[in-house]
Amino acid sequence: MKKIKYILVLLIFGFYSCSDYLDINDNPNNLHTDQAKPDQYLPAAQVACYSVQATTMNRLGLLFSNATGGNVQTYAAPFSNEFNFNITSNFYNGIFEGIYLNVNTFQKIIDFPDATGQYMEYKAIAKICKAYYMQYIVDLYGNAPYTDAFKGIANVTPKYEDDQKIYKKLLTELDEARALISTIQSNPPTALESSATSDMMLGGDMSKWNKFANTIELKMLVRMSNNTGDVAAWRDDRLSALSADFISEDVTVQPGYSAANNSQLNPFVYSFGWDAAGNITNRNVYCISGHLAKCLNGLADINYASAADQEVVAGSGVFYPLVVDPRRYNIFAKSAAGYHKGVTQGSTTVDVYKPGGSSLGQPSKFAPLFFNPYNNIGLASTTSLPTTGTGNFLDSSKGYVMTLAEASFLQAEAALLGANGVGTYSALGLNAQTSYNSGVTNSFLIDLLTSANATTYIAAISNKPNFGYKSSNSFAQNYNAILYQKYVALLNTNAIEAYISNTKTSKYSATPNRGYPLFPMPKGAPVQNRPLRLIYPTSEFIANSANVPNISTANIYDINTYSPFWLQGNPPIEN
């Protein structure tokens, strides 16, 4: 387990640590925040930002992408706010507040005095991480505080900036980070301090950080595929200059997660599965949704009422693939009956199960492998509970910031857009089929399946438009296929991406207000489509009321000036 020499207690923000990055016990060596240096700030910020992504953002993604239902056999009306889209200023406010709280620590690294260039590696890493997490603020909220947001008590009421202007500034942060990395690699300062032992993500490897910066930029530019006019011209200039040197391995966080106590447990595991003692925390409230069960299972596994019930959304013309996905039981375990039993979002009963089966009993819950990709201690994926003691299942769980599968699907999407004449995505020289195949294969490897399993599945699913890629399919079918496979691949690492992808592509879809990947609305939902953004948290309306836009519920369901700029086509561009 990685050790830390000094203890960072950021008194303003209320985190960390003892002899390890994750131990919260008091220690006489505690440092006040103004005594800390970049080597203490960096691990704290990386771990805390990952926690927001792994918990609050992932939960919203799982529910808003119709991947999970509520366990109605144990709880009354679980997730009613999510399924009824009761979006208020108190809805998932931990995303906005958590990202700002912790990105502020990256900003402390960026602003740290460094006349000799001692902390160049730290500053490059901080700029890249800041861009990665602040992108999600734009994607989920649109306009937001940025330039004035990280000045502490010097400005406690930061103004809101246009979101496409924030995107431009984030891309500038990536440019500056890559310039620092280039200097480090070609002419490093004599005072340079290595970030190898403080960097919990890529071990201070600047070549890997450069690739991650390129991949983040690709994600941002792909988000902008709808834009036209001046915004599209700016996007295309960036695409033409972007290096296609993207990540070649998963980007993870591992500060020493262990089952020693709850504070040292991976927050993803604690939030969705078990505590450090192996007691169930929230695993019982989640189950496989009826929609995902239909996606992953064959015709013989699902009690379809009729052939019409096999249509994903009534009137869409898109039907479930009816192909068994080998990943299915590594994502959601078999029920006690030996097959998937799911709950349609908004249903009050277990209503999706094997023909001849029963709606009684518990629905299918997250598989152990869901919490520990690659199963790196050898725990069988069919085991219902984590092990304890030596070789504890919970000890080797990493945090996944961006997987290689996600990066591959981003490249497939960019290649498909380029091949269909959108912008200058073709300048990257990518091949959609090749990148798609890599994405599926990498997803299979995460789930302990082989490349041969992936090859067989790719061949079978290719004959199912909208779920598998095939050159003879239409642009819409292949676009849905890429984002569907990305959806399945990221369920246990970055589920929010499916919701954002669906929102982003709502203009492309032939089904009004429903983008790719296509997934149905919850049963009995009082609105026709999912919101296209969230509402700012109550804390902003209280503490920053003079600046926060007064967003109403009516503003979040259609495309307007409050929507993320990449949905607005050709919004005015600010310099």
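Mentor: By class, the lining of the largest cavity has six nonpolar, three polar and one charged residues, where Ala, Val, Leu, Ile, Met, Phe, Trp, Tyr, Cys and Pro count as nonpolar, Asp, Glu, Lys and Arg as charged, and the others, Gly among them, as polar. This is a predicted model, in which local features need pLDDT of at least 70 and side-chain atom pairs pLDDT 80 or more, while totals for chains, interfaces and linings use all residues. Residues are numbered from 1 along each chain, and side-chain values use heavy atoms, without hydrogens and water.

Trainee: Which residues line the largest cavity?

Mentor: Rolling a probe the size of a water molecule over the atoms shows where empty space is left. A cavity is a set of points on a 1 Å grid over the protein atoms alone where a 1.4 Å probe fits but cannot get out, and lining residues have an atom within 4 Å of a point. Here the lining is Tyr-50, Ala-54, Asn-58, Phe-268, Phe-371, Pro-373, Lys-398, Tyr-400, Asn-492 and Thr-493.

Trainee: How are the planes of Phe-268 and Phe-371 set to each other?

Mentor: Rings of Phe, Tyr and Trp (its six-membered ring) pair if their centres lie within 6.5 Å, with planes under 30 degrees apart called stacked, over 60 edge-to-face and the rest tilted. The count comes to 43 aromatic pairs. In one of them, the centres of Phe-268 and Phe-371 are 5.8 Å apart with planes at 45°, so the pair is tilted.

Technical notes
On a 1 Å grid over the protein atoms alone, a cavity is a set of points where a 1.4 Å probe fits but cannot get out, and a pocket is an open set with protein on both sides within 12 Å along at least five of seven lines; lining residues have an atom within 4 Å of a point.
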